Amino acid sequence: MFWIAIIMAGSSLILLFAARKEAVPLEGSTLLKPFLKMSQYLLKRIWQWFPKLFSSTQVMKDLTVLHPGEAKEYLQTTYYVRKTALCLAVVWGGTLFGAAVAIGVKDDLILGENGEIARWEYQEGRREINIAADYGETQMNFRIQVDPRQLTEEEAKKLFEKFLKNLPELVLNGNESLEHITTDLSLEEEYEGFPIVVEWESRRQEVVTNTGHVLPVEKEEQVELSVRLKYGEYVRQEAFFVVVIPPVLSEEERIYREMEELLIQSHDESLEQEKWLLPAQLRGISIHWRQLMEDNSLLVWAASVVVAALVYLFSDRDLHGQIEKRKKSLRWEYPEIVHKLVLFVGAGMTIRGAFQKIAGDYETKHGGREKMQPAYEEMLYTCRELHGGVSEGASYEHFGRRTGLQEYIRLCTLLTQNLKRGNRTLLERLREEADKAAEEQLQQGRKLGEEAGTKLLIPMVLMLAVVMVVIMIPAFSNI
């Protein structure tokens, strides 16, 4: 992972140096500006070789609708530069996060190159680590517990008669009986359900250790286990016998057991030392130890690359979603615009004057706000066309075509016909259009209300379930 981070950092520095003269007129976060420069530099070079790679017809259509009057090349460049910059930022963020994960994993490394494990003070408690032993051509994995430096005194807890009765069942650990032991015993310091401290001692460490580890034997061996139980001031000493049966082990299993025995022995011998030196050899063959760490840094980096690719792919879908949202806003604003036209035309204003009045009021009231109303923005654009010398009829046709909705096309057709034929019933037809628009808005509101009710059904069911639980629990608790 560190090599990936180094390569990413070096590539980014080279790319950033090459793109230092790129002018980025885009608004955005200061942190995103370097990625915008790199993105613009990359896209210029890629466009030279693959000119059709960034030329989606649907994307250009959506951009033109969202930003009427803007140059198509500028819109295309701005869109793809920003999208590529966002993907670069995602990959960079994933790389940094992956490197941080790798550093965190490295900080947990406590096994030295010479097979030494540094111990710590007792306040930090016990740790468990995974280690691997390269024994010749064989690799063996172990999970070992590393205890802190042992203190001179220990606390212990009390024993009950009930514990002694259940003791054989507690220590068997899957063995058939105390007279038929083939696997390790469960000789623990504490057992669930018994507030006691247990101290074990085996009379034959070469067969059964104090921790319950059963070593390979050639024949049946009887071992006396001494157990010291303590609870408060009450202390009791007991002893019982177990019979160890020789297991059938393969050569690899024998080596594993011998190596595990060496680990236990070296651990016990180094409890009062600052460092635990792991065994260096077995049967004359050297052992190389290394700690097994769970390093997910590469996975994090790969996930960031996948996320960046998804961001790039789904950006076009989000752009089309903005178009659909724009259409909904246009439909919702249509009745208000028609009613204003009826009001101003009825007061004696011309269509052009009414258009300029509505657009001017919107610009004065909403100018500079981030949340814009698309219908009024289109009217502002139409007024600018009129001021720029475009004919009134053509401006209305452009207005209807840019919205792309039948309602506005119908309205613009009505206004254009009034200019060509001098329709004297314009006000009456505008009133009819206003009434029709109001009815359509009412139906649209009902549809949105039905959709909202459907979406609220699941939360209402969950709330009903919570209410039922709150009512039923006290009722059952009093039974």
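Me: How is the expected span of a helix defined, and what span does helix α8 reach from its first C-alpha to its last?
Reply: The expected span is 1.5 Å times one less than the number of residues in the helix. Helices (H or I, at least four residues) and strands (E, at least two) are DSSP runs, numbered from the N terminus. This is a predicted model, in which local features need pLDDT of at least 70, side-chain atom pairs count only at pLDDT 80 or more, and totals for chains, interfaces and linings use all residues. Residues are numbered from 1 along each chain as its sequence is written, and side-chain values use heavy atoms, with hydrogens and water left out. Helix α8 (residues 351-366) has 16 residues, and its span, close to the expected 22 Å, is 22 Å.

Me: Which helices do the buried residues of α8 pack against?
Reply: Buried means under 20% relative accessible area, with exposed over 50% and partly exposed in between (1.4 Å probe, protein chains only). The buried residues of α8 include I351, F355, I358 and Y362. With contact meaning heavy atoms within 4.5 Å, the buried residues of α8 pack against α7, α9, α10, α11 and α12.

Me: Which strands stand at the edges of the sheet?
Reply: Two strands pair if DSSP finds at least two bridges between them. The open, antiparallel sheet has 4 strands in the order β3-β2-β9-β8. One side of each edge strand lacks a neighbour in the sheet, because each has a single partner strand; these are β3 (138-146) and β8 (281-282).

Me: Which residue in the turn between β2 and β3 has a positive phi?
Reply: Antiparallel β2 and β3 are joined by 9 bridges, and Y135 stands opposite T138 in β3. The hairpin leaves 2 residues between the strands, and the one with a positive phi, of about 65 degrees, is G136.
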